[in-house]
Amino acid sequence: AADANLVEAALSLPAGAVDRGAHRPRLVGAGVNFLYAKASLADVRRAKLDHGAYDALDLHETVGVLLYADGGEAADARFHVRMFAPNAGIPEDPATGSAAAGLPGQIALAGALKDGTDRWVIEQGFEMGRPSRIHATVEARGGAVTSVRIGGEAAPVMKGQLDF
């Protein structure tokens, strides 16, 4: 996975903002790969994409970077996240189910996943003015993920027709 210094530069964060311990940056996938990095809630909120520095991450076969923090806007939020994927044409995404599906793997690798069934609310899109709440049901045994179910609600923001 990418060095924490490169992740900080790519997201315009100060030195030391990205966890270098148990939650250090890692590539994890649940169908597609994302680079996961943890920071404080304040740093997740202030992250800003630096396109030149992002290119230095050299992320091949990786959709983007999911920056996450414990907690969030709502009292029931387990994580507050932001997902940046400029190389996929998505500077920032308001709701990324595929990245939410891989997050339990990062939490397991950090040694912070408890056995049993847990339900998480993952907030995303707040900084874009498009708040979303992704619901994850995570099952674990022996510190490893055994099942993940992702869901949520959607609100129509556009309607149209394409004629070919």
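1. In which strand does Ser132 lie? In this predicted model, Ser132 belongs to strand 7, and its relative accessibility of 13% falls under the 20% limit, so the residue counts as buried. Leaving aside neighbours within four places in sequence, Ser132 is in contact with Pro94, Ala95, Ile122, Glu123, Gln124 and Phe126.

2. The elements that give two or more residues to the lining are strand 7 (132-141) and strand 8 (144-152). By residue class, the lining divides into eight nonpolar, five polar and three charged residues.

3. Arg149 has its place in strand 8, and with a relative accessible area of 41% it is partly exposed. Not counting residues up to four places away in sequence, Arg149 touches His135, Ala136, Thr137 and Glu139. Its C-alpha atom is 13 Å from that of Ile122, a residue 27 places away in sequence.

4. The largest nonpolar core has 22 residues, and those with the most contacts inside it are Val7, Leu11, Leu13, Tyr54, Leu57, Val65 and Leu67. Two or more residues of this core come from each of helix 1 (4-10), strand 2 (33-38), helix 2 (41-46) and strand 3 (64-70).

5. Once residues up to four places away in sequence are set aside, Tyr54 touches Ala10, Leu49, Leu59, Val63, Gly64, Val65, Phe84, Ala85, Pro86 and Asn87.

6. Strand 4 (residues 79-85) and strand 5 (residues 90-93) run antiparallel and are joined by two bridges. The hairpin that they form has four residues between the strands, and in it Gly89 takes a positive phi near 80°.

7. Which residues of helix 4 are buried? They are Ala99, Ala100, Ala101, Gly102, Leu103, Pro104, Gly105, Gln106, Ile107 and Ala108. Because ten of the 13 residues of helix 4 (residues 97-109) are buried, the helix is largely enclosed by the rest of the structure. Helix 4 is followed by Gly111, which has a positive phi near 75°.

8. Thr96 is found in the loop between strand 5 and helix 4, and its relative accessibility of 7% is the reason why it counts as buried. Apart from residues up to four places away in sequence, Thr96 touches Phe34, Met83, Gln124 and Ile134. Gln124 is also one of the contacts of Ser132.

9. Glu127 has its place in the loop between strand 6 (116-124) and strand 7, where, at 28% relative accessibility, it counts as partly exposed. Its contacts, not counting residues up to four places away in sequence, are Arg45, His80 and Arg82. Glu127 and Pro94 are 33 residues apart along the chain, and their C-alpha atoms are separated by 8.6 Å.

10. Most residues other than glycine have a negative phi. Ser12, which is not a glycine, has a positive phi of about 55°; Ser12 is found in the loop between helix 1 and strand 1 (26-29), and it is partly exposed, with a relative accessible area of 38%. Asp58 likewise has a positive phi, near 55°, and is a residue other than glycine. Asp58 is found in the loop between helix 3 (51-55) and strand 3, and because its relative accessibility is 51%, Asp58 counts as exposed.

Conventions
Residues are numbered from 1 along each chain as its sequence is written. This is a predicted model: local features need pLDDT of at least 70, side-chain atom pairs count only at pLDDT 80 or more; totals for chains, interfaces and linings use all residues. Side-chain values use heavy atoms; hydrogens and water are left out. A nonpolar core is a set of buried Ala, Val, Leu, Ile, Met, Phe, Trp, Tyr and Cys residues joined through side-chain atoms within 4.5 Å. Buried means under 20% relative accessible area, exposed over 50%, partly exposed in between (1.4 Å probe, protein chains only). Contact means heavy atoms within 4.5 Å. Ala, Val, Leu, Ile, Met, Phe, Trp, Tyr, Cys and Pro count as nonpolar, Asp, Glu, Lys and Arg as charged, and the others, Gly among them, as polar. Two strands pair if DSSP finds at least two bridges between them.
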